[in-house]
Amino acid sequence: MKRLLSLLIILFILGGCQPAESPDSADSATAGTAPATETAEPTATAEDPHAQREETCHLTIGWDPWEPYHHIGSSGHVEGLDIDLVKAAAARTDCELAFQQGSWASLLQLVRGGELDLLLGATPTSERSAYARFSEPYRQESFELFVRADELERWSDMTLVELLDSGFRLGITQGYVYNEEISRLLIEPDYQGQIIEAAVGDLNFTHMMDYRIDGFIEDPFVTTSIQRRRDWGLSIEPLPIDIRTGEVHMMFSRESVSPETVERFNQALADLRESGEYERILNRYRLD
């Protein structure tokens, strides 16, 4: 009896020395291994509504006809100076582009609602900044005062005010927004008979050929484009008068484009300038 009792005590002691089973070690084949997870495609969240857009980077660009910046070319597709610049920038950001034509006013509304991602050639305003993000300036918008080449010396030593005071007849284009000085002169009662307005830029060439005007104000790239479309038989030169209106930017919708994408385009534009490609693009649209 004593021997049996001693045996039972020994067995009890040995059993108490075995380690307890951990609830985390039920499956010995996976013990100590993190569970496998499936990598999901990024999706939009409340914190980042543009996550899917950023991953694929598809941008729709609005444009209105304004040669040579954006217009339908002989290929049947939109092309132009600004189009070349944005395509070159997009190639450096791995963004795919689509183009949508419309009027400037309607395109602005689409950007406001996030139905359109990007507009070109835009000027920042406080109103637009409420619904749009702007890139760094990518082009200087300016105008020049063109006169007949054989009359260049006659007018060269005068300011714009002196030109008008001398009876100079000035051609302008309807709908253009000029700088503050020109805008003020254009509404001066004393000069009203000397300001000849044209519905489109081409008409300024016609007015110059008919001697209805002595010179006209125009964007130099637009002037070159008009000259290339037709042999006007008219030799013109710009006067040494600086008529800058400011810098233009790419305008991105706040609803559909993140600040990170805008910054990627800023870097791409800087790279274009540094590499020399920016000047090569502009040179294709300058007068030879």
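Which residue lies over the face of Trp232? That place belongs to Arg230, at 4.0 Å from the ring centre. Keep in mind that the model you are looking at is predicted. With that said, let us take a walk through it.

## The chain as a whole

The protein chain has 288 residues, and 40% of them count as buried. Its secondary structure comes to 12 helices and 12 strands. Among the contacts in the chain with a separation of 6 or more, 75% are between residues 24 or more positions apart. The accessible surface comes to about 16700 Å², and carbon and sulfur atoms hold 51% of that surface.

## Rings and charges

Over the ring of Tyr278 sits the charged end of Arg273, 4.1 Å from the ring centre. Here are the two arrangements side by side:

| Charged residue | Ring | Distance to ring centre |
|---|---|---|
| Arg230 | Trp232 | 4.0 Å |
| Arg273 | Tyr278 | 4.1 Å |

Phe143 belongs to strand 7 (residues 139-148), while Tyr176 is in the loop between strand 8 (170-173) and helix 8 (180-186), so the pair ties together parts that are 33 residues apart in sequence. Phe143 itself is buried, with 5% relative accessibility.

These two residues also belong to a wider group. Ring pairs link Phe143 and Tyr176 with Trp66, Tyr69, Tyr178 and Phe221 into a cluster.

## A glycine in a loop

You can find Gly80 in the loop between strand 3 (78-79) and helix 3 (81-93). Is Gly80 buried or exposed? Its relative accessibility is 0%, so Gly80 counts as buried.

For His70, the sequence separation from Gly80 is 10 residues, and the C-alpha to C-alpha distance is 4.5 Å.

## A disulfide

How many disulfides does the model have? The count comes to one disulfide. Its partners are Cys57 and Cys95, with their sulfur atoms 1.7 Å apart. The angle about the S-S bond is 70 degrees, and the link is right-handed. Cys57 lies in the loop between helix 2 (51-56) and strand 1 (58-63), and Cys95 in the loop between helix 3 and strand 4 (96-101), so the link ties together parts that are 38 residues apart in sequence. Both Cys57 and Cys95 are buried. If the term is new to you, a disulfide is a covalent bond between the sulfur atoms of two cysteines.

## A serine in strand 12

The last stop is Ser253, which is part of strand 12 (residues 243-253). Ser253 has a relative accessible area of 0% and is buried. What does the side chain of Ser253 reach? It reaches the backbone nitrogen of Glu255, at 3.1 Å. Apart from neighbours within four places in sequence, Ser253 is in contact with Val111, Gly114, Leu116, Asp117 and Tyr131.

Notes. Residues numbered from 1 in each chain as written. Predicted model: local features only at pLDDT ≥ 70, side-chain atom pairs only at ≥ 80, totals over all residues. Heavy atoms only, no water. Helix = DSSP H or I, 4+ residues; strand = E, 2+ residues; numbered from the N terminus. Buried < 20%, exposed > 50% of the residue type's maximum accessible area, 1.4 Å probe, protein only. Phe/Tyr/Trp six-rings, centres within 6.5 Å; stacked < 30°, edge-to-face > 60°. Lys NZ or Arg CZ within 6 Å of the ring centre and 35° of its normal. Polar contact = N/O pair within 3.5 Å; in protein donor to acceptor, adjacent residues only side chain to side chain. Contact = heavy atoms within 4.5 Å. Disulfide = S-S within 2.5 Å. Areas by Shrake-Rupley, 256 points an atom, 1.4 Å probe, with all protein chains shown as cover.
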